[in-house]
Amino acid sequence: MKSWLKISLLLCMFGFFREMRPSESYVTEYLAGDWRNLTSEQVQQEVYPIGTYAVLAQLVIIFLVTDLLRYKPIIVLSSITGIVLFVFLLWTRSLWELQLAQVFYGTFMAAEVAYYTYIYAKVARERYQVVTGHTRAAILAGKFLGGVLAQILVSSDAMSFRELHFISLATQLISLPIALMLPGVPRSFYFYAVKSQKDSSASEAKEEKPRFSLRNAGQLLWYHLVTSYTNPIVLMWSIWWSLAICGQGQVIAYIQFLWKHQAPNNQSNYNGGVEAAATLLGAAGAIIAGLLNSNAHRHFYMLINAICGCVLGGLLLVATLCNNVWISYVNYVIFCAVFYFIVTIAAAIVAENLVDDSFGLIFGINTLVALLLQSILVLIIVTDTGFGLPPKDQFIVYGSYFLVMSAIYLIITLFLKIFPKKSQTLE
């Protein structure tokens, strides 16, 4: 088997098992259930916010350490923290232990950066697109199967919400030896970057052995930062991407509280099937967006994204105000399909206007901005420090957030259309 194909297979297996967590669809029902005797308000205001803060606090550190340690150790760490996380969820009861589990959740989520950037450091450039497609498909397959499995087990009363976490623990245990089998990476993008030395003739080009250099890493990081964010196209679409990811992160994190609030007897029993459908349609939206030549028609797709953003806001407001869990389920599935369509367009335009090898850094920073904005939203809207809004009021805010964000970009797009000379700086 070819080396790149073997790496792709191992990454796909790792990604599949890491993401196949059936418990995810019912984690709110479990945490606010009888096992811990915690209320939904406690889980919402005192537990989940810590997870958001933990991801934000660890993301920058893990991003730099990932490059310094050359990816594989952080992928292994991701598996270990996943195991610890589900051990905490299964065998602890107190509020403070659950809050501590959120710190491991932060490491688990922040360590995703190693999985997504490993392929670009280990696989030849001409294989990037193929291997990226393989790994993304594996992740989506894991999420989809996890949702389907959860729905079947819950609907048939074969497992309780707590027992689903044993399957999630098992998949994390399986992912650990797979992570250990991944081949090491001799180079990285920054701390172990490789410089090409060319003699007088191109045929005599030689490549240095990767060596650690803090100075070179700093210079290259600064060059990528300045080159990327002084490009107005990258800047405008990065802001859009970060704002959209922030809003979507809040919706995904707290949608189960809305379902629980709207469901009969305050127990939402069809989350697994809904998450599976959302994953499937979200993947379809991303695939369709990937087929478009979005970079060649940026202004048109900014208009499309702004209109779709208004649709997202409308879907959330309707789901909230109708106070019917089935309408919320349907609107959430449509929300995911539309969201992954527009966010893939934004990501593609940003990526096509970046200098070589800066993809991981720029999207890492964009993700950091999204998490910072999300943490501010959590602090103001969710926690007792702020307004501590109930689920219904929260989702009115989130729907309005998407409407305001899209309206601003719609105005910008129309302005550039009316004054074409102003838009030349974005060409």
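This text walks through the structure from the whole chain down to single residues.

The model is predicted, so local features need pLDDT of at least 70 and side-chain atom pairs count only at pLDDT 80 or more, while totals for chains, interfaces and linings use all residues. Residues are numbered from 1 along each chain as its sequence is written, and side-chain values use heavy atoms, with hydrogens and water left out.

Start with the whole chain. The protein chain holds 15 helices and two strands. Helices (H or I, at least four residues) and strands (E, at least two) are DSSP runs, numbered from the N terminus. The radius of gyration of the protein chain is 22 Å, close to the 22 Å that the globule rule gives for 427 residues, so the chain is as compact as a globular protein of that length. That radius is taken over C-alpha atoms, and the globule rule is 2.2 Å times the number of residues to the power 0.38. Along its principal axes, the C-alpha trace spans about 75 × 55 × 40 Å.

How much of the chain is buried? Of the 427 residues, 51% count as buried. Buried means under 20% relative accessible area, exposed means over 50%, and partly exposed lies in between (1.4 Å probe, protein chains only). The chain exposes about 19400 Å², and carbon and sulfur atoms supply 67% of it. These areas come from the Shrake-Rupley method with a 1.4 Å probe; for residues, only the protein chains shown count as cover.

Now look at contacts (heavy atoms within 4.5 Å). Take those between residues at least 6 apart in sequence: 81% of them join residues at least 24 apart. Charges come next. The chain has 27 positive and 23 negative side chains, and the centres of the two sets lie 9 Å apart. Lys and Arg count as positive and Asp and Glu as negative; His and the chain ends are not counted. Each charge is placed at NZ of Lys, CZ of Arg, CG of Asp or CD of Glu.

Turn to the helices. The 17 residues of helix 1 should span 24 Å at 1.5 Å a residue, and its end C-alpha atoms are 24 Å apart, which agrees. The expected span is 1.5 Å times one less than the number of residues. Among the buried residues of helix 1 are Trp-4, Ile-7, Leu-11 and Phe-14. An α-helix has 3.6 residues a turn, so residues three or four places apart point the same way.

Helix 5 covers residues 95-110. Its 16 residues reach 23 Å from first C-alpha to last, close to the expected 22 Å. What do its buried residues pack against? They pack against helix 1, helix 2 (27-31), helix 3 (40-69), helix 4 (72-91), helix 6 (112-122) and helix 8 (164-181). Leu-98, Ala-101 and Phe-108 are among these buried residues. Thr-107 also lies in helix 5. Thr-107 is buried, with a relative accessible area of 11%. Leaving aside neighbours within four places in sequence, Thr-107 is in contact with Gln-58, Ile-62, Leu-77 and Thr-81.

Helix 8 has 18 residues and reaches 27 Å from its first C-alpha to its last, close to the expected 26 Å. Its buried residues include Leu-164, His-165 and Ser-168. Ser-23 touches these three residues and Phe-86, not counting residues up to four places away in sequence. Ser-23 sits in the loop between helix 1 and helix 2. Is Ser-23 buried or exposed? Ser-23 is buried, with a relative accessible area of 1%.

Further along, Ser-242 lies in helix 10 (residues 232-262). Ser-242 is buried too, at 3% relative accessible area. Beyond its neighbours within four places in sequence, Ser-242 is in contact with Asn-366, Val-369 and Ala-370. Tyr-223, in helix 9 (residues 214-229), counts as partly exposed at 46%.

Finally, visit two loops. Most residues other than glycine have a negative phi, and most peptide bonds are trans. Asp-157 has a positive phi of about 60° although it is not a glycine. Asp-157 is found in the loop between helix 7 (128-155) and helix 8, and is exposed, with a relative accessible area of 68%. Asn-323 has a positive phi of about 55° and is not a glycine either. Its place is in the loop between helix 12 (298-321) and helix 13 (325-352). Asn-323 counts as partly exposed, at 41% relative accessibility.
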